[in-house]
Amino acid sequence: MKMNKAIYIHIPFCAKKCYYCDFTSYVGRDEEINSYLDSLEKEMDLYMDKKEDIYSIFIGGGTPSLLSPDQLDRLFGIIEKKVNLESLCEYTIESNPGTLTRDKLRTMKKHGVNRLSMGLQAVQDKHLKFMGRIHDMDQFVESFEFARQEGLENINVDLIFAFEGQTLEDWKESLEKVVAMNPDHISAYSLIIEEGTTFYRMYQDGRLNDFDEDTYISMYRYTVEKLKDSGYHQYEISNYAKEGCECKHNILYWDCLNYYGFGLGASGFIGDVRYTNTKNMKDYMEDLDNKKKPIEFKEVIASKDRFNEKIILGLRKNEGILLDTVTKYLTDKEENDFMVKVKNYIDKGLLLVDNGRLRLGQEGREVSNSIFVDLMVD
Ligand code: SF4
């Protein structure tokens with residue numbers, strides 16, 4: 001069965017830059033939001049000349065909930081000109097506490113949004129401040145309750161662990177308090193210090209240190225167990241859901257299926273071409289004024305790239321990948337080398353094979369990045 005494409009829409013505006021964040025987002029440029037929405041509409045026009053059936057939509061950022069109710073209304077209106085809403089199986093918008101109001105939630109709900117993703121990151125206010133977040137825990141609780149009261153039934157909460165100053169006890173407290181609120185999905189990512197961030201500068205100046213590896217492993221193991229005991233099954237390295245609440249949009253990415261990417265710095269994957277838009281707002285808007293797609297980079301994904309993507313993305317899922325569907329991209333020699341490595345990891349218990357599916361074992365998940373790098377072909 002041919003699956004409909006998905007849509008990712010990037011909203012690159014934030015109230016404040018979090019210290020760990022390397023996403024494309026601007027602070028203090030809210031006056032550009034209306035013209036940005038004009039550009040988004042032009043961009044969608046260039047790709048979609050009529051209404052299409054779409055599998056899922058994910059509006060991410062940035063902080064989409066920074067838009068006013070009127071701006072959200074406008075954004076949803078633009079989408080509705082291009083998408084048959086009844087074809088959607090999931091419609092997600094990202095949000096941050098401190099920017100969510102009842103009016104905005106009502107607007108989202110009115111336009112068919114059926115999944116709200118909320119950035120919390122930690123429950124201790126001192127840690128939220130350390131990360132440069134704009135909100136405290138009380139604001140998160142209030143926003144979460146508003147969302148439930150306004151009928152958002154599928155809510156994800158994003159958390160971060162393994163950052164300087166966080167103890168295992170702190171992390172346990174974060175999970176405990178979040179689970180008590182009963183969200184439908186929890187994402188728990190360990191902190192990565194990315195170049196260009198405030199944390200990166202602090203790291204280079206010696207004001208931030210590498211996180212202790214043993215504590216990280218203890219935190220990760222605790223997460224898997226605690227969430228399992230609380231009714232959330234792990235379906236990907238960093239994602240946990242109640243039955244039936246797995247993020248369909250993310251699964252589509254991990255399965256390397258097609259999606260449009262609209263907005264500043266957004267990436268899309270159509271046919272066998274992957275493209276990334278410019279991250280320069282002026283160029284983005286000018287290109288669209290000139291009816292030109294604002295693409296900065298595009299490449300045809302060759303066989304070996306498809307293999308590598310399937311390894312990096314597919315193996316993230318707990319169900320793993322069908323071996324046949326990846327080895328078809330390899331030459332005989334590459335396949336032999338790959339299978340030797342796989343057997344080696346199986347012997348160590350880091351990879352498992354059953355019914356022709358290759359997947360990470362629990363200990364393999366803890367060192368997944370090094371396994372991915374080793375299995376990829378040049
Ligand atoms: S709110 Fe999200 S996108 Fe904005 S700066 Fe913080 S982490 Fe980055």
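These notes walk through selected features of a predicted model.

1. **Ground rules.** This is a predicted model, so local features need pLDDT of at least 70, side-chain atom pairs count only at pLDDT 80 or more, and totals for chains, interfaces and linings use all residues. Residues are numbered from 1 along each chain as its sequence is written, and side-chain values use heavy atoms, with hydrogens and water left out.

2. **Strand β1.** Start with β1, residues 6-11. Helices (H or I, at least four residues) and strands (E, at least two) are DSSP runs, numbered from the N terminus. Six of the six residues of β1 are buried. Buried means under 20% relative accessible area, exposed means over 50%, and partly exposed lies in between (1.4 Å probe, protein chains only). In a regular strand the side chains alternate between the two faces of the sheet. In β1, A6, Y8 and H10 point one way. I7, I9 and I11 point the other way, and all of these residues are buried.

3. **Neighbours of β1.** Which strands pair with β1 in the parallel sense? One is β13, residues 259-262, joined by four bridges. Another is β5, residues 56-61, joined by five bridges. Two strands pair if DSSP finds at least two bridges between them. Y8 has G261 as its bridge partner in β13. I7 stands opposite I57 in β5.

4. **A cis peptide bond.** A cis peptide bond joins G61 and G62, with omega about 20°. G62 lies in the loop between β5 and α2.

5. **Two packed helices.** Two packed helices are described by the angle between their axes and the distance between the axes. The axes of α2 (residues 69-82) and α3 (residues 102-110) come within 9 Å and cross at roughly 15°. That makes α2 roughly parallel to α3. Axes are lines fitted to C-alpha atoms, for helices over the stretch in contact, and angles run from 0 to 180 degrees between N-to-C directions. Angles under 35 degrees count as roughly parallel, over 145 as roughly antiparallel, 65 to 115 as roughly perpendicular, and the rest as oblique. The crossing of α2 and α3 is right-handed. A crossing is left-handed if the near helix is turned anticlockwise from the far one by less than a right angle, and right-handed if clockwise.

6. **Two positive phi values.** Q121 is not a glycine, yet its phi is positive, about 85°. Q121 sits in strand β8, residues 115-121. Q121 counts as buried at 7% relative accessibility. C256 is not a glycine either, and its phi is about 60°. C256 lies in the loop between α9 and β13. C256 counts as buried at 9% relative accessibility.

7. **L252 in α9.** Helix α9, residues 248-254, holds L252. Is L252 buried or exposed? L252 is buried, with a relative accessible area of 2%. L252 and I311 are 59 residues apart along the chain, and their C-alpha atoms are separated by 14 Å.

8. **A three-stranded sheet.** This open sheet has the order β17-β19-β18, with antiparallel pairing. Strands β17 (321-322) and β18 (351-354) stand at the edges with a single partner strand each, so one side of each is left without a neighbour in the sheet. Two bridges join β17 to β19, while four join β18 to β19, residues 357-360. R357 of β19 is the bridge partner of L322 and stands opposite D354. R359 of β19 is the bridge partner of L352.

9. **The hairpin and its faces.** β18 and β19 form a hairpin with two residues between them. N355 in the turn has a positive phi of about 50°. Side chains alternate along β19.
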